[in-house]
Structure formats: C-alpha cells, structure tokens
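The points below are grouped by topic.

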Amino acid sequence: MQLLISLIYSFHMPCFFICSGYLFCRYVFSDSRKILVSVGNFSIVYILFATLFIVMSMMFTTNNHHDIHSFYCMLYGKVGPYWYLYVLAICYLLSYCCSNKLMVVLAIVLSLSTMFLFHSQFYILRKLFFHFPFFVLGGIIAHKEIKLRPIFAIVCGGLSVVMLFCFIYFHISWRMMPVVAFFLPMCLALGLWSIFEWLNIDIYLLRVCGLFSYEIYVFHSFLATPMRIFFLKLGVYPPLSVLLNLIIGCLVPILISIILKKLSLHKYIFKPL
C-alpha cells in the first residue's frame, strides 16, 4: 500500500499537466484567441482562489505574518497549490509563441535544465522547467504522433515500481533527487500511455476526471486538509485515509462543477472572459 501511495504522490502533478496539455491541444491549440482568453481566465481564477486560500489560512491558523506575506507571494505564484494555474498560464503563452517542433525542443531543454534548478530559489522557474515537458507530452498524446509498443509499458512500469520499492526499502527520499523525481513520473506516464494504446480502451471515469482536472485542482485544496483531520478524528489512518481523500478530492469537485453548470454559474467562476 505504501508503494501505491508513493506512486500517486510521484505522479499526481505531472498527471495534471499531461491532462492540461492534452486538453489544450484538443480544444484550444488551433485558435490563438482562445489561448489568450484561457490565459486571462487562469489569471482571474488564480487571483480569486489564491486570495480565498490566504484569507482562510489567516482565519484558521495563528501564523498571520506568513499569511499576510502570502499576498506578496501571489505575484510570483507561491501560494499553496495554486502555483499550478500560474505555471499553466505560462505554458499556454509558450505554446502561443512557439511552433510544435520548437515546443518539443524547449521541453527537452527545460527537462535537462530542471536537474540544475531542482533545489533553486527561483520557485516558479523550478516548477515551470519541471512540469512543462509533461504539458508537451500531453499534447503529443492528443495528436497521436507516436505509437508505443506494449513492451514499453512493461519496461517503464517495471522501472518505476523497482525504483520506488528501493527508495521505500532503504528509506531514501526520491523527491530530493532531481533525476529520479523527473524520470519516475515520466516512466509512469509513458508506461500508462503505452498500455492504453495497446489495449485501445477508453475508461469513462478517467476521461471524466481528465475533463474536470481544472476544477478538481482548484477545489481539492479546500477539501484535503479538512478531510485529513476528519478521518483522524474517526480513527481512519493512512493508507486508507489517503485513498479515501483521493477519491473525495476528485468526486466532490466534479459534483460541485456539475451543480455550478446547472445553475449557470460555472462560466462566471472558471471562464469569466
């Protein structure tokens, strides 16, 4: 079970960027106006939810100095988990300025550069350099430009499991090793991709989670900590609490989004422009 939890935490942020790159190439890439409108929407949603996150932190924590300082941190994306929207907006702008081939070249260069910036003080650059290659990978998957053989899934999946098992067994933090921290989720992504290509299957639940990945990410931070405390009070501990939190963190934002759409409020929150 610990292995499963480690797999989730090694892959969840790259997964969001793969979904984002996939949806970008399927629905936005061909229209330059949509790209700029999306960047504006991300910026507004970022300001809205980052401000709400800071205000709630000030209300429910005693470290007010840190939270007040967070308003300044909003300028460079360092507010809780909402750096994702900040980096995603930059990914869209890079896509707007670059051709397909240049995007791939840039992704390779940034993936190599992240090895040197992994522990850097340049917070948003570190996040961008690490995750932009996964955004580009999502676009490549959307265009179906590369076909992967089944053996690729076995090799990548096997490498991922073996690496994580070794780190867990020897009590080593893989997050502190830039090569492993990047290579591990990339192996998982390529392995899963080759499996779906090989089996030619469409899992409805995964497709829904992908379509609602934007809303899931925005809302999940308001659910994760309260649910963690709630489970502890009920006597539910990891790894079960982690899996339950993961399920709730996906399903509740989807339900909220569906309700907001029924009430015609969704567009005013997530697509104000």
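Leaving out neighbours within four places in sequence, Tyr 84 is in contact (heavy atoms within 4.5 Å) with Met 13, Phe 16, Phe 17, Ser 20 and Tyr 217. The model is predicted: local features need pLDDT of at least 70 and side-chain atom pairs count only at pLDDT 80 or more, while totals for chains, interfaces and linings use all residues. Residues are numbered from 1 along each chain as its sequence is written, and side-chain values use heavy atoms, with hydrogens and water left out.

**Tyr 84**

- Tyr 84 is found in helix α4; helices (H or I, at least four residues) and strands (E, at least two) are DSSP runs, numbered from the N terminus.
- With a relative accessible area of 1%, Tyr 84 is buried; buried means under 20% relative accessible area, exposed over 50%, and partly exposed in between, using a 1.4 Å probe and protein chains only.
- Tyr 84 and Phe 16 are 68 residues apart along the chain, and their C-alpha atoms are separated by 8.8 Å.

**The chain as a whole**

- The protein chain has 12 helices and zero strands.
- Of the 273 residues in the protein chain, 45% are buried.
- Taking the contacts between residues at least 6 apart in sequence, 77% join residues at least 24 apart.

**Nonpolar cores**

- A nonpolar core is a set of buried Ala, Val, Leu, Ile, Met, Phe, Trp, Tyr and Cys residues joined through side-chain atoms within 4.5 Å.
- The largest such core has 65 residues, and Phe 17, Tyr 92, Phe 132 and Phe 135 touch the most other members.
- Helix α6 (residues 123–143) supplies the largest share of this core, 13 residues.
- A second, separate core has five residues, among them Met 163, Leu 164, Phe 167 and Leu 184.
- Phe 132 touches Cys 91, Leu 94, Met 103, Leu 106, Ala 107 and Leu 110, when residues up to four places away in sequence are not counted.
- In soluble globular proteins, nonpolar side chains tend to be buried together.

**Helices α4 and α6**

- The axes of α4 (residues 83–97) and α6 come within 10 Å and cross at roughly 60°; axes are lines fitted to C-alpha atoms, for helices over the stretch in contact, and angles run from 0 to 180 degrees between N-to-C directions.
- The two helices, α4 and α6, are therefore oblique to each other; angles under 35 degrees count as roughly parallel, over 145 as roughly antiparallel, 65 to 115 as roughly perpendicular and the rest as oblique.
- The crossing of α4 past α6 is right-handed, where right-handed means that the near helix is turned clockwise from the far one by less than a right angle, and left-handed anticlockwise.
- On the α4 side the contact includes Trp 83, Tyr 86, Cys 91 and Tyr 92, and on the α6 side it includes Tyr 123, Lys 127, His 131 and Phe 132.
- The residues of this contact divide into 13 nonpolar, two polar and one charged; Ala, Val, Leu, Ile, Met, Phe, Trp, Tyr, Cys and Pro count as nonpolar, Asp, Glu, Lys and Arg as charged, and the others, Gly among them, as polar.

- Tyr 76 lies in the loop between α3 (64–73) and α4, and is partly exposed at a relative accessible area of 29%.
- Beyond its neighbours within four places in sequence, Tyr 76 is in contact with His 69, Tyr 86, Tyr 123 and Ile 124.
- Tyr 76 and Tyr 123 are 47 residues apart in sequence and 8.1 Å apart in space, C-alpha to C-alpha.

**Helices α10 and α11**

- Helix α10 (residues 213–234) and α11 pack at an angle of about 135°, with their axes 8 Å apart.
- Here too the helices, α10 and α11, are oblique to each other, and α10 passes α11 in a right-handed crossing.
- The contact involves residues including Glu 215, Phe 219 and Phe 231 in α10 and Ser 257 and Leu 260 in α11.
- By type, the residues of the contact of α10 with α11 are 14 nonpolar, five polar and two charged.

**Ser 264 and His 266**

- Ser 264 is placed in the loop between α11 (240–262) and α12, and is partly exposed, with a relative accessible area of 46%.
- Ser 264 is not a glycine, yet has a positive phi of about 60°.
- Most residues other than glycine have a negative phi.
- His 266 is found in helix α12 (residues 266–270) and counts as buried at 8% relative accessibility.
- Apart from neighbours within four places in sequence, His 266 is in contact with Glu 215, Ser 257, Leu 260, Lys 261 and Lys 271.
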